[in-house]
Amino acid sequence: MTLDLKLDAPDEANRADDLVQGVLGHENERPDGLSKAIGAATYAAEPRPDGLLHGFLVRAPGIGAVSCSNANSVREMEGVRLVLRDPRMIRNAAQGAANEAPVQGVDRAEYVGQPVALVVADSFEQARHAAQALEVEVETDDAPVDPEAVTAEKPDGRQTAQGDLDAARRDAAHVLDRTYTTSSMVSAAMEPHAATAEWDGTRLVLRGSLQMLKYNRNELADSLGIAPENVRILAPYVGGGFGSKLGISAECVAAALAAIELGRPIRVVQHRRQVFEMNTRRSETRQRIRLAADRQGRLTALEHEALVSNLPDETFAEPVLQGSHFAYAAPNRALRMHVARIHRPAAGSVRAPGEAVGVTAFEVAMDELAVATGIDPVELRLRNIPDKDPEAGIPFSSHRLKAALSEGARRFGWADRPSPPRQRREGEWWIGTGMAAAFRVNAIMEAQARILLTGDRAVVETDMTDIGTGSYAIFQQIAAELLGLPLERVKVRLGDTELPPGSGSGGSFGAASTGTAVWMAGMDLRRQIARALACDEADLTLKDGTIIRGNTRRSLAEAFDGTVLTGDGHVQPGDAQQKVRQATFGAHFAEVAVSDVTGEIRMRRMHGSFAAGRILNPRTARSQCHGGMIWGIGMALTEAVTHDRRDGHMVNRDFAEYHLPVNADVPPLDVHFIEERDPWAGPLQAKGIGELGICGAGAAILNAVHHACGARLRDFPATPDRVLAALV
Ligand code: MOS
């Protein structure tokens with residue numbers, strides 16, 4: 001019997017703090033770390049099944065009708081087995097996945113770089129050579145590629161209008177009206193998208209690099225027109241996803257189709273330029289933010305209007321306003337989305353979709369308001385913390401922004417900061433500090449997990465992925481804590497659709513959602529143990545493989561000698577999300593140096609204080625925050641896809657030209673977690689931490705740039721040319 005939990009009421013019991021093994025919430029190392037370090041962990045492109053053939057994807061060089069007139073002669077080239085131009089090849093059917101993936105065929109390219117063929121050969125080199133020989137002709141049409149050049153749509157359900165903004169602005173002591181822009185960005189996961197597909201005549205086994213296996217299995221089955229039961233996906237290790245692997249991509253379906261057609265295993269790996277073009281990018285944005293405030297800096301009107309883009313018929317629109325719905329109190333509010341239908345590569349989820357760019361722009365606007373009102377930026381935020389959700393009027397499940405701001409300011413040494421800009425100089429460098437608040441929506445998603453307990457050894461099983469986030473470590477800790485086992489006696493098996501469906505890795509919800517399912521499975525086992533001993537589960541003390549009751553001690557192995565106990569856990573969202581507003585909060589602080597000779601910005605240090613409920617493992621959580629803060633550096637200073645004005649193609653589609661921060665760009669990063677329990681998040685009382693660190697991080701940097709040198713950058717990233725132009 002599965003132990004079910006529906007989240008529709010707060011759980012104040014705080015059982016997790018009563019358990020005695022003492023491993024939950026500790027800085028345990030990843031059990032998968034060693035195998036990754038020594039190369040024993042196998043990723044999607046690494047298996048070498050007998051008879052393996054190699055596929056190479058071919059991209060469209062233009063937008064319009066596509067044909068490949070020399071496909072037959074390419075088919076005759078040495079080693080070539082197949083030239084596949086199947087319309088299903090890139091039919092990415094996102095069935096309920098968080099991702100909305102492209103739905104395009106192979107006869108028309110909707111964007112430059114769209115995959116339109118797969119060439120399969122005996123060796124990778126032969127496949128690539130033949131793919132380059134394939135002539136892809138495009139009857140180019142003049143599809144629009146510039147979001148500013150088309151009339152944008154206003155999608156339903158994404159607009160807010162409350163109160164009277166004009167009146168509020170008229171009566172305000174301070175008003176601000178600013179427009180900010182952000183560029184297209186990419187996920188740029190270290191592991192390229194890859195698939196190895198095997199077909200036995202009935203069933204497909206696909207080793208993929210994917211985030212959300214239970215959805216990916218349905219997407220793949222749907223694309224191929226076979227039953228989901230006949231699709232097994234394995235993704236035990238994933239080298240990052242950041243949203244680009246939420247849904248299946250062309251390499252999965254193309255590899256599967258070729259495997260079915262040829263009856264041989266097929267490997268397809270996207271090369272780096274393909275990774276840039278074929279997977280969803282983060283939309284560029286234009287954001288107009290209008291604020292009105294009274295003399296004390298309290299917001300009376302808040303208006304945030306965003307223009308984003310995507311291909312026609314794609315339902316995803318970068319949810320820029322997501323954080324603005326609940327970040328600050330203001331009685332008069334208007335939030336408006338506009339979507340331009342253009343033919344740049346498809347837009348989709350990229351780490352912290354929405355808040356990553358929305359909070360960043362908004363927090364720069366708040367800094368501008370702080371300067372205009374003469375109120376300290378930390379104090380300005382403190383004065384505008386809402387006591388309930390400012391739109392829906394429902395309470396917050398837990399809300400520790402105030403603590404994050406105060407504690408972050410203290411740890412960073414904010415009090416020493418001179419308030420006017422341009423106060424510190426070292427040679428050619430202006431030095432300054434800035435801050436921003438962090439906001440990110442939180443959700444607990446449906447998830448299942450199972451624990452098999454044999455004596456004093458446990459195996460946790462779920463199809464959940466670990467995309468570098470720490471799933472293996474965290475589920476091991478949760479199971480060990482509930483069952484009273486040392487960590488090394490708990491094994492975790494992930495990334496196989498034969499296992500109970502977890503939440504998948506997305507939207508920061510993986511650890512808290514699937515972790516709660518693991519908790520329920522562990523609780524199911526505790527109840528079974530208690531029943532066998534004729535006691536209450538609450539009276540059961542389990543530690544180091546021993547059952548402790550009063551003065552008696554008995555080893556788990558001896559008590560259940562030879563029997564395998566199975567615990568099943570299941571969590572569902574319930575209506576908690578309607579009753580309370582659940583989100584995570586934080587505060588970023590940054591110190592920068594700006595050269596007034598070159599316009600170069602150098603990071604000197606960053607601090608982030610974050611509140612995300614119970615921190616299940618500070619080591620993996622801190623790593624997530626470090627990663628998020630580094631994304632903030634990229635967003636503020638270096639990362640931007642440049643689209644060609646004529647056909648929208650990505651001009652800088654490699655790591656030489658798309659600048660991700662590297663170690664030399666990253667200063668010491670200090671992360672602090674605010675103590676918090678979120679009772680609405682189930683027995684773990686934990687919220688997501690994965691994406692919080694990115695939200696607002698870039699704004700702290702841009703605000704520090706202003707404080708350093710007086711230059712207010714409103715087009716991000718703040719590249720040296722822009723900084724030089726803005727230097728006063
Ligand atoms: Mo995330 S952008 O939901 O992987």
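**Note on a helix pair and an open sheet**

1. Axes are lines fitted to C-alpha atoms, for helices over the stretch in contact, and angles run from 0 to 180 degrees between N-to-C directions. Helices (H or I, at least four residues) and strands (E, at least two) are DSSP runs, numbered from the N terminus.

2. The model is predicted: local features need pLDDT of at least 70, side-chain atom pairs count only at pLDDT 80 or more, and totals for chains, interfaces and linings use all residues. Residues are numbered from 1 along each chain as its sequence is written, and side-chain values use heavy atoms, without hydrogens and water.

3. An open sheet of mixed pairing is formed by 7 strands in the order 4-6-2-13-10-11-12; two strands pair if DSSP finds at least two bridges between them. Strand 4 (80-84) and strand 12 (231-234) each have a single partner strand, so one side of each has no neighbour in the sheet.

4. Strand 2 (residues 53-59) pairs with strand 6 (residues 115-121) in the antiparallel sense over 6 bridges. Phe56 has Val119 in strand 6 as its bridge partner. Helix 3 (residues 124-133) lies across strand 2, strand 4 and strand 6, at about 25 degrees to strand 2.

Notes
Contact means heavy atoms within 4.5 Å.
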